[in-house]
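Hi there,

Here is the structure I promised to pass on to you. Have a look at it first, and then read my notes on its salt bridges below.

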Amino acid sequence: MTNPSYSSGAADRAPVSFRLAVRNDAPVIHEMVAKLARYLGESNKHTASIADYEQSGFGDNPRFECLIAELAGEPVGMCLYFDSFSTWLGKPGLYVQDLFVSEKARGLKLGKQLLQEVAKRGAQKGYAYIRLSVDVQNENAQGFYEACGFQWSNSERLYVAKGDAFQVLSGAV
């Protein structure tokens with residue numbers, strides 16, 4: 001996996017650079033996801049370890065990519081995403097799992113810039129869409145995504161089988 005670094009290039013924005021995360025960024029990713037979980041009041045649900053991010057994102061079969069936003073060389077935001085596929089469109093896309101901007105960088109439009117950079121990466125690969133889900137109580141995020149052009153899907157409902165339910169479904173229990 002390559003690790004390009006590039007600037008936003010916009011004269012009216014703070015000097016922000018974006019780069020793909022590397023294995024050494026696993027602690028940064030872990031910290032930002034932990035801060036996101038705290039913000040959502042869901043700290044108890046963030047059980048991933050730094051080693052989990054290292055193995056799943058940077059091992060032999062990477063399951064995600066993560067774009068890191070930096071201000072003056074300091075990580076201040078990230079967008080963790082992975083490949084998806086729409087059988088209805090017949091095209092690949094990207095699923096954004098987590099988007100985070102640190103408090104000190106809020107107001108710089110980094111969230112939108114991160115999404116734009118991820119969209120550019122997808123478009124360069126011939127991808128056709130970005131999907132994501134938003135916590136039902138996070139109305140700020142819902143408004144943000146709508147302002148970025150995302151539309152709420154009235155035709156779908158997100159279901160999850162995890163923990164004991166996943167173990168039963170997999171036949172492990």
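Which residues are linked in a network of salt bridges? They are Arg19, Asp25 and Glu70. A salt bridge here is a side-chain nitrogen of Lys or Arg within 4 Å of a carboxyl oxygen of Asp or Glu, and the structure holds eight of them.

Before you go on, please note that this is a predicted model, where local features need pLDDT of at least 70 and side-chain atom pairs count only at pLDDT 80 or more, while totals for chains, interfaces and linings use all residues. Residues are numbered from 1 along each chain as its sequence is written, and side-chain values use heavy atoms, leaving out hydrogens and water.

Start with helix 1 (residues 26-39), where Glu31 and Lys35 sit four residues apart, about one turn of the helix. Helices (H or I, at least four residues) and strands (E, at least two) are DSSP runs, numbered from the N terminus. The closest N and O atoms of Glu31 and Lys35 are 3.1 Å apart, in a salt bridge. Glu31 is partly exposed because its relative accessible area is 42%; buried means under 20%, exposed over 50% and partly exposed in between (1.4 Å probe, protein chains only).

Next, find Glu65 and Arg121, whose side chains form a salt bridge at 3.4 Å, N to O. This pair links distant parts of the chain, 56 residues apart: Glu65 is in strand 3 (residues 65-71) and Arg121 in helix 3 (residues 110-124). Both Glu65 and Arg121 are buried.

Enjoy exploring!
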